[in-house]
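Student: I have this chain open on my screen and would like a close look at a single part of it. Please pick one stretch and take me through it, step by step.

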Amino acid sequence: MKSLLYSIIVLLGLSLQAQEQFRTSHFNWSPKTQSIQKEIYGFNSETNEKEWIKTETYVFYNTYLDTMVVDLGNAKEVTECNYNIDGNLKVKYTYYLQSETQDKTLFFYDKELRLTKSQEFVQGRLFSETKYSYDKQNRLMKLVCREKETGFSEITEYSNYTSDDSYTKTSYYKDAKKEANLAIEIYKNGLLIEANYQIFDLKSKVVYQYDEKRNVISEQKDNETPTLYQYEYDAEGNPTKIIISNAQNPYVNSEIIIKSTYSEFISN
């Protein structure tokens, strides 16, 4: 059987946080969401038959992400989240059912509950450390991610704030010309509107459009035919099905089936 090439981009709503996404609101899901199961399918470009790719399962407690499991059939990636008393993500554990090792990411906060540092451990060893800095309005201004063994660093800067959710994000590598690898993303109301990428002489631009539910409905790269997203929703407002299609690029065509469960959470 010939191998298949799939390009799946799953965007249920884009928002940027100084810390990682771990609340139902970060995923653009109902606050009553208890669990989400996403069955992701691609289409064979030769037969146009739907074929399973992976299953993603998210479990929440009181709107906080508890566990996430990515099932690829022959392997599973499991992520578990622990929080501090202030409700900030403190430790994220990641492990693989085919591996005896456990990866984790630690998160550190200051007295104002701002994320100041995170450390990523891979196979028990410190792999990278990220430091965060803010302006006088407590807006994220810069983060520097440095790999421990290689010293390789990636810098991300935030500028042109018009509100806390509208800004420009610029990423590049330290000690390298920005033109060698540069990413400039423009966010409005927490949504990625436009992205410009450059690798040496290669440049590309991606423009996004969203519906009233803040879900992406169109993603267009340069002058190519846009990739379109169609949604079906349940009574709580969570998607139940997402159809991704591109008239000129069948490799991105896919279907995502989503099952949600709900609970009336009791706050601590």
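Tutor: Contact, as the word is used here, means heavy atoms within 4.5 Å. With that in hand, let us begin with the whole chain. The model is a predicted one. Among contacts with a separation of 6 or more, 27% are between residues 24 or more positions apart. The chain has 268 residues, and 37% of them are buried. Its secondary structure consists of 18 strands and zero helices.

The part I would like to show you runs from strand 11 onward. Strand 11 covers residues 166-173, and Ser166 lies in it. Strand 11 and strand 12 run antiparallel and are joined by six bridges. For a landmark in this pairing, find Thr170, which stands opposite Ile184 in strand 12. Strand 12 then pairs with strand 13, again in the antiparallel sense, over seven bridges. Here the landmark is Leu182, which faces Gln198 in strand 13.

Now look at the turn of this hairpin. Strand 12 (182-188) and strand 13 (191-199) have a loop between them, and Asn189 is found there. Two residues separate the strands of the hairpin. Asn189 is not a glycine, yet its phi is positive, at about 55°. Why is that worth a second look? Because most residues other than glycine have a negative phi.

Is Ser166 buried or exposed? Its relative accessibility is 8%, so Ser166 counts as buried, the cut-off being under 20%. Leaving out residues up to four places away in sequence, Ser166 touches Asn160, Tyr161, Tyr187, Lys188 and Asn189.

Ile199, Phe200 and Leu202 form a nonpolar patch on the surface, and together they have about 350 Å² of accessible area. Leu202 belongs to strand 14, which covers residues 202-210. With a relative accessible area of 66%, Leu202 is exposed, because the cut-off for that word is over 50%.

Asp222 has a relative accessible area of 34%, so it counts as partly exposed.

That brings us to the hairpin of strand 16 and strand 17, which has five residues between its strands. Gly237 sits in the turn, with a positive phi of about 95°. Strand 16 (residues 227-233) and strand 17 (residues 239-245) run antiparallel and are joined by six bridges. Tyr231 has Ile242 in strand 17 as its bridge partner. Strand 17 in turn pairs with strand 18 (residues 254-262), antiparallel and over four bridges. In that pairing, Lys241 stands opposite Ile257.

Let us finish with Asn238, which lies in the loop between strand 16 and strand 17. The side chains of Asn238 and Tyr262 are joined by a polar contact of 3.1 Å. Beyond its neighbours within four places in sequence, Asn238 is in contact with several residues, including Trp29, Thr33, Glu232, Tyr233 and Ser260. Ile36 is another of its contacts. Asn238 and Ile36 are 202 residues apart in sequence, while their C-alpha atoms are 9.3 Å apart in space.

Note on methods. Residues numbered from 1 in each chain as written. Predicted model: local features only at pLDDT ≥ 70, side-chain atom pairs only at ≥ 80, totals over all residues. Heavy atoms only, no water. Patch = residues over 30% accessible without salt bridge, like charges linked within 9 Å, V, L, I, M, F, W, Y side chains within 5 Å. Areas by Shrake-Rupley, 256 points an atom, 1.4 Å probe, with all protein chains shown as cover. Salt bridge = Lys/Arg side-chain N within 4 Å of Asp/Glu carboxyl O. Buried < 20%, exposed > 50% of the residue type's maximum accessible area, 1.4 Å probe, protein only. Pairing = 2+ DSSP bridges. Polar contact = N/O pair within 3.5 Å; in protein donor to acceptor, adjacent residues only side chain to side chain.
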